[in-house]
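Subject: Structure for you to look at

Hello,

Here is the structure I said I would send over. My notes follow below it.

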Amino acid sequence: MARKQFQIWNVAGEEYKLKLSTSGICKLEEKLKMGLMDVLETSKNMPPLSIMLTVTHAALKEQHSGIKQVDVEKMFDKYIEGGGSQLQFFTDVFMGIYQVSGFFTEDQAEMMDVKLAEAKEEME
């Protein structure tokens, strides 16, 4: 199974492609003063929303030039208004950014998909 090229985030009927480039990852790590894997490891359950949206902004900028952090925050508000939740965003969108951006091998990504699906079932 080939790695997905992009993570898709659906907001109010619009599809947005998300993926981090190497330069985007380096800029984020400088900004956050930690590695992006540390973001996952230092968070007990999930990272703070501000960090998740900062990473999402960087992933969006690669495909949708001109998008600003405030735009991402407004998109997240629309996502919530459309029935999404912060936990759902973490499992469906944020972790997908990591998967398509090369943080995990294909086997690890598949295993993560299974675990995220199980977590979703527990939430329902």
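Is His57 buried or exposed? With a relative accessibility of 11%, His57 counts as buried, where buried means under 20% relative accessible area, exposed over 50% and partly exposed in between, computed with a 1.4 Å probe and protein chains only.

Before the rest, two remarks on how to read this. The model is predicted, so local features need pLDDT of at least 70 and side-chain atom pairs count only at pLDDT 80 or more, while totals for chains, interfaces and linings use all residues. Residues are numbered from 1 along each chain as its sequence is written, and side-chain values use heavy atoms, with hydrogens and water left out.

Overall layout

The protein has six helices and two strands. Both kinds of element are DSSP runs numbered from the N terminus: helices are H or I with at least four residues, strands are E with at least two. From the N terminus the order is β-β-α-α-α-α-α-α. Of the 124 residues, 38% count as buried. The accessible surface comes to about 7,400 Å², and 51% of it belongs to carbon and sulfur atoms; these areas come from the Shrake-Rupley method with a 1.4 Å probe, and for residues only the protein chains shown count as cover. Contact here means heavy atoms within 4.5 Å. Taking the contacts between residues at least 6 apart in sequence, 62% join residues at least 24 apart.

Helix α3 and His57

His57 sits in helix α3, residues 49–63. Not counting residues up to four places away in sequence, His57 touches Ile67, Lys68, Gln69 and Val72. The 15 residues of α3 should span 21 Å at 1.5 Å a residue, and the end C-alpha atoms are 21 Å apart, which agrees. The expected span is 1.5 Å times one less than the number of residues. Besides His57, the buried residues of α3 include Ile51, Met52, Leu53, Val55 and Leu60. The buried residues of this helix pack against β1, β2, α1, α2, α4 and α5.

His64 lies in the loop between α3 and α4. His64 is partly exposed, at a relative accessible area of 23%. Leaving aside neighbours within four places in sequence, His64 is in contact with Glu15, Tyr16 and Lys17. His64 and Lys17 are 47 residues apart in sequence, yet their C-alpha atoms are 7.9 Å apart in space.

Helix α5 and Phe94

Helix α5 covers residues 86–100 and reaches 20 Å from its first C-alpha to its last, close to the expected 21 Å. Of its 15 residues, 11 are buried, so α5 is largely enclosed by the rest of the structure. Among them are Phe89, Phe90, Val93, Phe94, Met95 and Ile97. Gly102 follows α5 and has a positive phi, near 85 degrees.

Phe94 is in α5 and is buried, with a relative accessible area of 0%. Apart from neighbours within four places in sequence, Phe94 is in contact with Val39, Leu40, Pro47, Met52, Val55, Thr56 and Phe89. Phe94 and Trp9 are 85 residues apart in sequence and 9.3 Å apart in space, C-alpha to C-alpha.

How α4 and α5 meet

Two packed helices are described by the angle between their axes and the distance between the axes. The axes of α4 (residues 69–81) and α5 come within 10 Å and cross at roughly 110 degrees. Axes are lines fitted to C-alpha atoms, for helices over the stretch in contact, with angles from 0 to 180 degrees between N-to-C directions. The two helices are therefore roughly perpendicular; angles under 35 degrees count as roughly parallel, over 145 as roughly antiparallel, 65 to 115 as roughly perpendicular and the rest as oblique. Phe76, Tyr79 and Ile80 in α4 meet Gln86, Gln88 and Phe89 in α5. By class, this contact has four nonpolar, two polar and no charged residues. Ala, Val, Leu, Ile, Met, Phe, Trp, Tyr, Cys and Pro count as nonpolar, Asp, Glu, Lys and Arg as charged, and the others, Gly among them, as polar.

Two backbone angles

Ala12 is not a glycine but has a positive phi of about 50 degrees. Ala12 is in the loop between β1 (7–11) and β2 (14–18) and is exposed, at 66% relative accessibility. Lys33, also not a glycine, has a positive phi of about 60 degrees. Lys33 is in the loop between α1 (22–32) and α2 (36–42) and is exposed, with a relative accessible area of 72%.

Regards
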